[in-house]
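Me: I am new to this structure and would like to learn how to read it. Please take one feature at a time, with the general idea before the case.

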Amino acid sequence: MTPRIRQILNIMLNENQTMSVQNLAKQVGVSKRTVQRELEYMNAALKGYDIQFMSKTGVGVWLEGSEDEKNRLREEISSGDSYDVSNREERRKRLILEILKDKGLKKLFYYSSKFKVSEATISTDLEAVEEWLNRYGLNIVRKPGSGVSIEGSERSYRKAIRTFINENIDTKLLQEAYENDESFTGARDGLQQSNIGQILNDDILKRVINCIMGLADDRVMDLTENAYMGLVIHITIAINRMLKNEILEADTGLPETMEMDEDYALAGRIVKELEEEFEIEIPPVEISYICLHIKGAKHEKIQWSDQKTVEMENRELLQLVNEMIDVFDEQNAFLLKQDEEFIQGLLAHLQPTFIRIMYDMQIANPMLESIKKDYPEIFEKCIRVAQVLEKCLGRPVPETETGFLTVHFGAAMVRLEGRNENIRQVRMGVVCSSGIGISRLMMTKLEKAFRGRTEITPYGKKDITPYIAGKTDFFVSSIPLELEEVPVIFVNPLLSEQDMEEVRRMVYQYERTPDKHKEENGFSRELEEINLMAAQINAVLKYADVFRVDSHITFEELLEVIGEEVSPYRDQGEMIQDDLMKREKMASQIFAEFGFALLHTRTKGVIRPCFHVCLTEGGKPFENAYFKGIQVVFIMLLPVDGNVKINSEILGYISSVLIEDYSFTETVLTGDKEAIRKALSVHLKKFFNKYLSQVS
C-alpha cells in the first residue's frame, strides 16, 4: 500500500460516500489522471480487508464493506509507519539516521523505546553501525550511566549525512513532484509517510519543503529527485539541530571566494526564507553547505547560457575535455570530439563532479557494479580518463565517478558505432480483445518508452488479418493470440518491468534487421534515395567555395564573414553565424594538432549541405591567438530538413578525408578553387561507389 493509496483511502473513508474522480483528485492535490492511475492498484491494496473498491462511469467511486472493517482499515492507515521491528537492516539504518539527526548525548533507553527493542539489542546495533560511521571519521562515544553520543568534525558529519541519503533514499517518492505543481502535495505526503520521513520531524520537513518550493528557482527545480530529496533532508536535519541549540562548527576548508558564486546567492535566499519561517538565526556556514550541495548535485536539465553550468571561455576546461577524450581512445578521438551530444553532456557533468571531488562529497551510483560487469573495456578506459581528472584536481577520483564517466563515454561509442548500422523504425501491434481498451493504455506506455523508434498500432483480436500480420514485425498482446509467422509477446495489461524488458529486446533486434515487409514500390524508393544522394553530392561539389580573409581577423569577425559568404540573405547569414557560435561554445572546433579548424553545425541558414574553405590573404597562418596558429578553416553546414542522415554521411566522409589524406589539405592550402573541387570530387566519387555497393 503506497503512501498515495493510503491518502486516497483515507479521503474515501472520511467521505464515506460516492465521490467523483475529479473531486477525489482535488482533495489529494494531484491531477485526475494521476488518481486514475493509482486506482488501478486499489484492489491489490485492499487484499486482507473485507472491503471492495467500486467504480461506475458517470457516477464515481466508493468503498463497500462493513463499518467495522472500514474502521480497521482506517486505523491501519492512520498508524502510517510500516516499520518492521524484526527487520534488523532497516532498524540499523533508522538508528544511523537518528544518530545523525541528533548527535547529542542519548541513553540506550531512548533508542530502545523508539525502535521497540531491548537495550541489549540497541547496544548490538550500535556496534554494527559504528563501523559505518568510522568510515567518515565519526565515532560513537559511550559514557557509562549517561548514554552515547557521536563525535567528529562538522565536515565528516555532513559527509556521513550525504552518503546515508545517497545510499538509502527512495527517489521514486518525489517522481511526480516535477510533473506539475498540483502533484507536489502528494509527493510530499509520500516522503513524510515513508520510513525515512517517519523518523524525521514531519513539521520541520513540511516547512522546509514549502520554503524551498516557494522560491521556484530553476536551479532547485531541475535537480534530480535524489539530489532534491538530499537537499531537503540535509536542511531538515540542520534546522532540527539548530532548534535544539546545537552549535554548528565552521569548516575552515570551505573556499573564501564562495560568496562570489551565483549559487551562494541562491543558498542565501533559501536561508533567509528558513530564518523567517522558523524564527531563528542561521550561521553563515550553513549557506556555504547549501551552496556546495546545489553545486555538487546532478541536474535533470542542462542549462546553457553565458552565466550557467560551464564558463565556456575557460580554455583550460576545453583543453581538459580534449585530453580526456584523447586518453580514452586516441584512434576515435577526433570523431568523438564532433559528437555534440557527448561534448554537451560531458561538460555539464564535469562542473558538479569537480565540486564533489574537491570537497570529498559522496554520490551514489547504484549501477556501478552493473557498469563494471557489462562494459568492462569502456570502464577500464575511463580509469585513464579519471587519472586525467586526478592530475588536474590533485584529488583522487572515486569509482562511483568513474562509473558516471563510463556512461557518458559508453553512450558516445554506441552512437559512433551506430553510424554504420542501418537502424529502422519497428512496426509493433498492440492487441486486446476490442482494440479500444487495454491496448490503448499499453500503447500509451510503450510510445512513451520508445519515443519514435516504433510505429505502434492498437488492434482487437478480430482485426489481425493476414495483411495486418504481414506488415507487422511483432505483436504485444494481453490475451491469447495464435500466430505462426509473426512473434507475439504475451504481457500483463499493466506492462511489468519484465514485460517492458522483453519488448525492449525485441525492438532492439528488429531495429537492426532488414525490413522484410517492404511494399512493392520499395525498389522505386531505393532509386529515389540514390538519386537524392547523387543530387546532394553534386550540390556540395557545385557550390564548394574558397574565400580569403585578413590574417588578423578575430573569431567573431570570421563568423560574420562566413554568414555573408554562404548566404546572400542577411537573416540567413545571421542564423549561420549564431548556430556556429553556439556549436563553438559547446567545445572548440579549432584543432591545432591538425593545423585547421572545422566549423560545422546544423542550421536553418542553408537549404543544402555546404562545404567552404577559408584561407588568409597571402596564405599566412591566422594570427589571432584564438586560432592557435592554424592555416585553414573548413566550414561544413547541414540544413535542418528530413535528409539529415544522407547529408551527415556526406559531410562526415569529408571530415574523415581531412584527417586521413594530408595531400588533400595540401591541395586546399594552394587556394586553387578548381584543384580543390577536383580533389574533393575524387573522394566523393569513392564515397558514392561505396554507397552504391552497400545499397545493392
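Reply: Helices (H or I, at least four residues) and strands (E, at least two) are DSSP runs, numbered from the N terminus. Ile355, for instance, belongs to helix H19, which covers residues 340–358. This is a predicted model, in which local features need pLDDT of at least 70 and side-chain atom pairs count only at pLDDT 80 or more, while totals for chains, interfaces and linings use all residues. Residues are numbered from 1 along each chain as its sequence is written, and side-chain values use heavy atoms, with hydrogens and water left out.

Me: Is Ile355 buried or exposed?

Reply: Buried means under 20% relative accessible area, exposed means over 50%, and partly exposed is in between (1.4 Å probe, protein chains only). The areas themselves come from the Shrake-Rupley method with a 1.4 Å probe, and for residues only the protein chains shown count as cover. Ile355 has a relative accessible area of 14%, so it is buried. Its C-alpha atom is separated by 9.7 Å from that of Ile294, a residue 61 residues apart from Ile355 along the chain.

Me: Where is Ile676, and how is it read?

Reply: Ile676 sits in helix H31, residues 673–695. With a relative accessible area of 4%, Ile676 is buried. From Ile676 to Glu666 the C-alpha distance is 9.6 Å, and the two are ten residues apart in sequence.

Me: How many disulfides are there?

Reply: A disulfide is a pair of cysteine sulfur atoms within 2.5 Å. By this rule the count is zero. The cysteines can still be read by their accessibility. Cys614 is buried at a relative accessible area of 0%, whereas Cys392 is partly exposed at 48%.

Me: How many salt bridges does the model have?

Reply: A salt bridge is a side-chain nitrogen of Lys or Arg within 4 Å of a carboxyl oxygen of Asp or Glu. The count by this rule is 17 salt bridges. One of them joins the side chains of Glu130 and Arg142, at 3.4 Å from N to O. This pair links distant parts of the chain, with Glu130 in helix H8 (residues 119–134) and Arg142 in strand E3 (residues 139–143), twelve residues apart. Glu130 is buried, with a relative accessible area of 18%, and Arg142 is partly exposed, with 40%.

Me: Which residue meets Glu593 in a salt bridge?

Reply: The partner is Lys337, and the side chains meet at 3.6 Å, N to O. Glu593 is in the loop between strand E10 (590–591) and strand E11 (596–603), and Lys337 is in helix H18 (residues 333–337), so the pair ties together parts that are 256 residues apart in sequence. Glu593 is exposed, with a relative accessible area of 52%. Lys337 counts as buried because its relative accessibility is 7%.

Me: What parts of the chain does the pair Arg424 and Asp473 tie together?

Reply: The side chains of Arg424 and Asp473 form a salt bridge of 3.0 Å, N to O. Arg424 lies in the loop between helix H22 (399–418) and strand E5 (426–432), and Asp473 in the loop between helix H24 (466–470) and strand E7 (474–477), so parts 49 residues apart in sequence are tied together. Arg424 is buried at 13% relative accessibility, and Asp473 is buried at 1%. Elsewhere, salt bridges that share partners join Arg91, Arg92 and Asp125 into one network.

Me: Which residues form the negative surface patch?

Reply: Patches are made of residues with over 30% relative accessible area and no salt bridge; like charges are joined within 9 Å, and nonpolar side chains (Val, Leu, Ile, Met, Phe, Trp, Tyr) within 5 Å. Lys and Arg count as positive and Asp and Glu as negative, while His and the chain ends are not counted. The place of a charge is NZ of Lys, CZ of Arg, CG of Asp or CD of Glu. The negative patch is formed by Asp550, Glu556, Glu557, Glu560, Glu564, Glu565, Glu617 and Glu623. Glu565 is in helix H27, residues 555–566, and is partly exposed at 38% relative accessibility.

Me: What is the phi of Asn16, and where does this residue lie?

Reply: Asn16 has a positive phi of about 55°, although it is not a glycine. Asn16 is in the loop between helix H1 (3–15) and helix H2 (21–28), and is partly exposed at 41%. Lys628, also not a glycine, has a positive phi near 55°. Lys628 is in the loop between strand E12 (610–616) and strand E13 (632–639), and counts as partly exposed at 44% relative accessibility.
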